[in-house]
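User: Hi! I'm new to reading protein structures. Could you walk me through this one?
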Amino acid sequence: MNKQATIAEVMNAGPVMPVIVIDRLESAVPLARALVDGGVRVLEVTLRTPVALAAIREIAAAVPEAIVGAGTILNEQDLADAQAAGARFGVSPGATPSLLRAVRAGGLPFLPGVMTPSDIVAALGEGFSAVKFFPAVPAGGVEMLKALAGPFPQLRFCPTGGISAANARDFLALPNVDCIGGSWLAPKARVEAGDWPAITALARQAAALGA
């Protein structure tokens, strides 16, 4: 997969996209390697910490088999920074018209965040046919996604928020869901302890959800 991969290729590279918060830069590369070793190649590094952009840069350079993207993109500056750091895709928790237009102009594969039918109509109007449904469980979960399939049969979803190993299969069973996002693959305590074998084991379990 190269940098011109489509968002559909990103979404179909595996059943689970880990949502990663990196507090210490030295954790970035070993965490990425642990996830890739477990069969999870698509990594969403959220722009929630001061080292996030540097982490994306280091993962892109040191773990080329990973498909590293930037999450929590909130505005055009975040988008530009993520692209400059080497992110191969972007994800937002929500989207404004200006952000959607900037994404289209920049060409980065992107999952804009939606929660309501109005959000979806806005995203469709800007040419997006794949979106992040967030926060998935609080916003209605599986039943909401089933309801949205009626008026929006063309839309592909990556639900994120409140999803865990316990309910992952329920979401992945939906015909309009290509992948799910979740933070359980990189639990904070395991990352802080440098327990990479445990994270590889979690990644293997997640990768098996697509079998």
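Predicted model: local features only at pLDDT ≥ 70, side-chain atom pairs only at ≥ 80, totals over all residues.

User: Great. At what angle do α2 and α3 pack?
Analyst: Helix α2 (residues 28-37) and helix α3 (residues 52-62) pack at about 55°, and their axes are 9 Å apart. That angle makes α2 oblique to α3.

User: And which residues make the contact?
Analyst: On the α2 side they are Ala-28, Val-29, Ala-32 and Arg-33, and α3 brings Ala-55, Glu-58, Ile-59 and Ala-62. Sorted by class, this contact has 6 nonpolar residues, 2 charged ones and no polar ones.

User: Is the crossing left-handed or right-handed?
Analyst: α2 passes α3 in a right-handed crossing.

User: New topic: which residues of α5 are buried?
Analyst: In helix α5 (residues 97-106), the buried residues are Leu-99, Leu-100 and Val-103. They are on the same side of α5, because they cover an arc of only 100° around the axis. Here is a handy rule: an α-helix has 3.6 residues a turn, so residues three or four places apart point the same way.

User: What covers that buried side?
Analyst: The cover includes α4, β5 (110-111) and α6 (117-125). On the face turned away from the buried side, α5 carries the exposed residues Pro-97, Arg-104 and Ala-105.

User: What follows α5?
Analyst: Gly-107 does, and its phi is positive, near 85°.

User: Which residue has a positive phi although it is not a glycine?
Analyst: That's Thr-72, with a phi of about 60°. Most residues other than glycine have a negative phi. Thr-72 is found in the loop between β3 (67-71) and α4 (76-85).

User: Is Thr-72 buried or exposed?
Analyst: Thr-72 counts as buried, because its relative accessibility is 17% and the cut-off for buried is under 20%.

User: Where is the cis peptide bond?
Analyst: It joins Phe-134 and Pro-135, with omega at about -10°. Most peptide bonds are trans. Pro-135 lies in the loop between β7 (130-133) and α7 (141-149).

User: What about Ala-139, where is that?
Analyst: Ala-139 is also in the loop between β7 and α7. At 17% relative accessibility, Ala-139 counts as buried.

User: What does Ala-139 touch?
Analyst: Leaving out residues up to four places away in sequence, Ala-139 touches Met-115, Phe-133 and Met-144.

User: How far is Ala-139 from Gly-162 in space?
Analyst: They are 9.8 Å apart, C-alpha to C-alpha, and 23 residues apart in sequence.

Technical notes:
Residues numbered from 1 in each chain as written. Heavy atoms only, no water. Axes fitted to C-alpha atoms, helices over the stretch in contact; angles between N-to-C directions. Helix = DSSP H or I, 4+ residues; strand = E, 2+ residues; numbered from the N terminus. Parallel < 35°, antiparallel > 145°, perpendicular 65-115°, else oblique. Left-handed = near helix turned anticlockwise from the far one by under 90°. Contact = heavy atoms within 4.5 Å. Nonpolar A, V, L, I, M, F, W, Y, C, P; charged D, E, K, R; others polar. Buried < 20%, exposed > 50% of the residue type's maximum accessible area, 1.4 Å probe, protein only. Arc of directions from axis to C-beta.
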